[in-house]
Amino acid sequence: MVPRRWLALFREARIKDLQRTAEPERAPDARKIAMSKISLKVNGRLHTVDVDRSTPLLFVLADELGLRGPKFGCGMAQCGACTVILRRQVVRSCVMPVSAVGQDEVTTLEGLGTPEKPHPIQQAFIEEGAAQCGFCLSGVILTANAVLDEKPNASDEEMRAALGGVMCRCFAHLRMLRAIRKYADARKT
Ligand code: FES
Ligand code: FES
């Protein structure tokens, strides 16, 4: 069973927020916040979750589905640690309400490859030792892969610009760019 820490924290914050803004006698408690059944397709599998519709997608991925690829960094769409792919675009799952996903499939880092059969871009990162703590890898790998899907001949400058919004506090950027270049060159052959 996955610990439901983010969902619990979010729910607590929502209740406090509503209590702050509502008339005291109408202030809601946990039982009065509407929960909804939401179906989500993630990494090829369909899931149904029972959550407040405004819950950030990241918390559902982490707490309900037990995915550990997307990470909670800033919670404000600033660092890229929570990146996932939706509608062929990179999105920050920390600020996207789960109800906004709709019928489209969400891909997380786990959806690219497996430890036994990594995606070629993941393999390139392994071969180049292109990580330190790994906290930023969801953002870096999914962003780089999305850029190359869109523009296979993207230059190093374009890749740097695309990755500008993904923070790596370990300063592993150079190794990452080497791995991305290796993968980009290999997919052309
Ligand atoms: S945790 Fe989402 S961008 Fe930082
Ligand atoms: S490898 Fe540690 S944050 Fe990037």
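Student: How is the model numbered, and what pLDDT do local features need?
Tutor: Residues are numbered from 1 along each chain as its sequence is written, while chains are lettered from A and ligands numbered from 1 in the order in which they are written. This is a predicted model in which totals for chains, interfaces and linings use all residues, side-chain atom pairs count only at pLDDT 80 or more, and local features need pLDDT of at least 70.

Student: In what order do the elements of the protein chain run?
Tutor: Helices (H or I, at least four residues) and strands (E, at least two) are DSSP runs, numbered from the N terminus. The protein chain has six helices and five strands. From the N terminus on, the order is α-β-β-α-β-β-β-α-α-α-α.

Student: What percentage of the 189 residues in the protein chain is buried?
Tutor: A residue is buried if 20 or more other C-beta atoms lie within 10 Å of its own, exposed if 12 or fewer, and partly exposed in between, with C-beta atoms placed from the backbone. By that count, the buried share of the 189 residues is 33%.

Student: What share of contacts with a separation of 6 or more joins residues 24 or more positions apart?
Tutor: Two residues are in contact if their C-beta atoms, placed from the backbone, lie within 7 Å. Of the contacts in the protein chain with a separation of 6 or more, those between residues 24 or more positions apart make up 58%.

Student: Is L58 buried or exposed?
Tutor: L58 is found in helix α2 (residues 57–64). Leaving out residues up to four places away in sequence, L58 touches P70, F72, C82, S93 and C94. The C-alpha atoms of L58 and C82 are 6.7 Å apart, although 24 residues separate them along the chain. L58 has 27 C-beta neighbours inside 10 Å, so L58 counts as buried.

Student: Are α3 and α6 oblique or parallel to each other?
Tutor: Axes are lines fitted to C-alpha atoms, for helices over the stretch in contact, and angles run from 0 to 180 degrees between N-to-C directions. Helix α3 (residues 120–128) packs on helix α6 (residues 173–188) at about 135°, with axes 8 Å apart. Angles under 35 degrees count as roughly parallel, over 145 as roughly antiparallel, 65 to 115 as roughly perpendicular and the rest as oblique. Therefore α3 and α6 are oblique.

Student: How many charged residues are in the contact of α3 with α6?
Tutor: P120, I121, A124, F125 and E128 of α3 meet R175, R178, A179, K182, Y183, A186 and R187 of α6. Ala, Val, Leu, Ile, Met, Phe, Trp, Tyr, Cys and Pro count as nonpolar, Asp, Glu, Lys and Arg as charged, and the others, Gly among them, as polar. The contact has seven nonpolar residues and no polar ones; the charged residues number five.

Student: Which residues of α4 make the contact with α3?
Tutor: The axes of α3 and α4 come within 10 Å and cross at roughly 130°. That makes α3 oblique to α4. On the α3 side, the contact uses I121, Q122 and F125; on the α4 side, I141, A144 and N145.

Student: What span should α4 have, and how far apart are its end C-alpha atoms?
Tutor: The expected span of a helix is 1.5 Å times one less than its number of residues. Helix α4 (residues 137–150) has 14 residues and should span 20 Å; the end C-alpha atoms agree, at 20 Å.

Student: Which elements do the buried residues of α4 pack against?
Tutor: The buried residues of α4 are L137, S138, G139, V140, I141, L142, T143, A144 and N145. Their packing partners are β3 (83–86), β4, α3, α5 (156–162) and α6.

Student: What is phi of R88?
Tutor: R88 lies in the loop between β3 and β4. R88 is exposed, with 10 other C-beta atoms within 10 Å. Most residues other than glycine have a negative phi. R88 has a positive phi, near 65°.

Student: Where is R87, and what is its phi?
Tutor: R87 is in the loop between β3 and β4. R87 counts as exposed, with 10 C-beta neighbours inside 10 Å. R87 is a residue other than glycine with a positive phi, near 55°.
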